[in-house]
Amino acid sequence: MRIGITCYPTYGGSGAVATELGLALARRGHEIHFISYASPFRLRGFSERVYFHEVDVSGTYPLLEYFPYSLALAVTQEEVALREELDILHVHYAVPHATAAFLAREMVREHRDLQVVTTLHGTDITLVGRERSFFTVTKFSIERSDAVTAVSEYLREETYSAFGCQTCDIDVIPNFVNLDEYFPSDDPQCRAAFAPADTKVLMHVSNFREVKRVPDVVRMFAKVRERIPAVLVLIGDGPERQATEAEAEQLGVSEHVQFLGKADAVAQCLRAADLFVLPSSSESFGLSALEAMACGAPVVASRVGGIHEVVVDGETGTLVPVGDVDAMAEAAMELLAPARWAEARAAAVARSHDFAAERIVPQYEEVYDRVTGR
Ligand code: GMT
């Protein structure tokens with residue numbers, strides 16, 4: 001099939017999933033056209049049957065104090081759909097992508113039968129889409145999609161309870177991991193760059209938004225360090241970076257905390273982790289936790305949203321109440337004890353295989369077949 005994919009190109013879960021999906025679909029013979037204002041961060045190098053179309057956001061006019069990106073996106077989606085003869089426009093994150101796709105589909109209707117698939121990821125439903133200024137248009141655009149998927153059972157239920165969307169039949173298609181890239185290694189060289197052999201490596205990856213509660217990672221780390229030698233590696237960047245740096249400084253642990261910024265080789269880093277920490281106040285799935293588990297790191301995370309659908313509490317990690325830094329540190333100490341750690345590591349890797357790309361990607365193909373009637 002010829003599939004257009006729209007996502008945010010920036011560091012974050014929805015863009016990561018959309019890009020990995022496009023690449024996996026291309027490997028399975030589909031032709032993929034990414035449409036966004038910049039090339040998605042995980043789209044690197046050349047891949048056969050993968051194309052990128054940039055939405056032109058350079059247009060200015062004195063009257064336009066705020067550039068109407070959604071309209072520019074809809075026009076690019078329309079142009080690409082016609083020129084590349086797209087069958088599907090698959091948009092990731094409802095706001096505003098589902099709305100632009102609705103417009104694009106209506107604009108091409110006379111010439112092409114274009115099907116819109118919307119994948120809901122998280123804050124498009126739990127935070128942003130609920131804002132007064134977006135609520136009705138988000139609900140409308142979800143309801144007018146030809147198919148809607150959500151990345152967890154939790155998110156499907158949240159969508160029904162927050163938006164109604166009674167006319168939608170939302171398929172749950174969980175996020176997936178490319179096991180050729182995310183795999184564990186016992187090679188001591190993997191962790192040598194971060195810490196000596198007798199020192200534990202704690203890790204966190206996110207876009208440092210408030211919802212991720214990154215300063216909590218530092219607070220729990222400081223408690224762990226009171227008891228064992230450890231370092232903390234923080235990957236990503238965003239609004240809470242400064243507050244996190246300040247917290248590390250204030251707690252006197254900054255020399256043991258490494259801020260890598262928006263690193264590309266996340267899998268390589270995750271292979272060095274003894275423990276992954278995800279203290280979010282809301283999380284529809286927790287793709288970063290899944291990728292960490294695939295690399296052999298047990299997880300300490302908040303008991304919120306859909307995290308329990310990924311991290312099996314007491315087996316592949318431990319779930320604790322949001323903001324309970326003491327409980328997080330306690331859970332970390334238990335998980336890092338050698339015998340428990342070996343068990344949890346094996347369970348984490350095994351669990352990640354339930355989300356292998358080969359198992360999940362065909363579920364999207366089934367949705368495409370259904371909406372196109374193939
Ligand atoms: O927080 C991010 O990394 C981005 C965020 C988003 O809303 O784009 O991620 C959401 O989608 C990811 C991929 O499906 C999920 O794994 C995350 O759990 C979800 N984030 C939240 O729900 C806060």
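Which domains give at least three residues each to the shell around the ligand? Domain 1 (2-176 + 357-372) and domain 2 (189-355) each do so, with bounds taken from an automatic or database domain assignment. The model is predicted, so local features need pLDDT of at least 70 and side-chain atom pairs count only at pLDDT 80 or more, while totals for chains, interfaces and linings use all residues. Residues are numbered from 1 along each chain as its sequence is written, and side-chain values use heavy atoms, with hydrogens and water left out.

The ligand is surrounded by 19 residues, and the closest are His121, Thr123, Asn175, Arg209 and Glu283; a residue is near if one of its heavy atoms lies within 4 Å. By class, the shell holds 5 nonpolar, 11 polar and 3 charged residues. Here Asp, Glu, Lys and Arg count as charged, Ala, Val, Leu, Ile, Met, Phe, Trp, Tyr, Cys and Pro as nonpolar, and the others, Gly among them, as polar. Helix α1 (residues 13-27) gives the most to this shell, with 3 residues.

Polar contacts are pairs of N or O atoms within 3.5 Å. A polar side-chain atom of His121 is 2.7 Å from a ligand oxygen atom, and one of Asn207 is 3.3 Å from a ligand oxygen atom. Phe285 instead places a polar backbone atom 3.1 Å from an oxygen atom of the ligand. Of the 490 Å² of accessible area that the ligand has on its own, the protein covers 95% (Shrake-Rupley method, 1.4 Å probe).

Turning to the backbone, most residues other than glycine have a negative phi, and most peptide bonds are trans. Tyr93 has a positive phi of about 80°, and the peptide bond from Val95 to Pro96 is cis, with omega near -10°.

Note on methods. A polar contact is a pair of N or O atoms within 3.5 Å; within protein, one must be able to donate a hydrogen and the other to accept it, and residues adjacent in sequence count only if both atoms are side-chain atoms. Helices (H or I, at least four residues) and strands (E, at least two) are DSSP runs, numbered from the N terminus.
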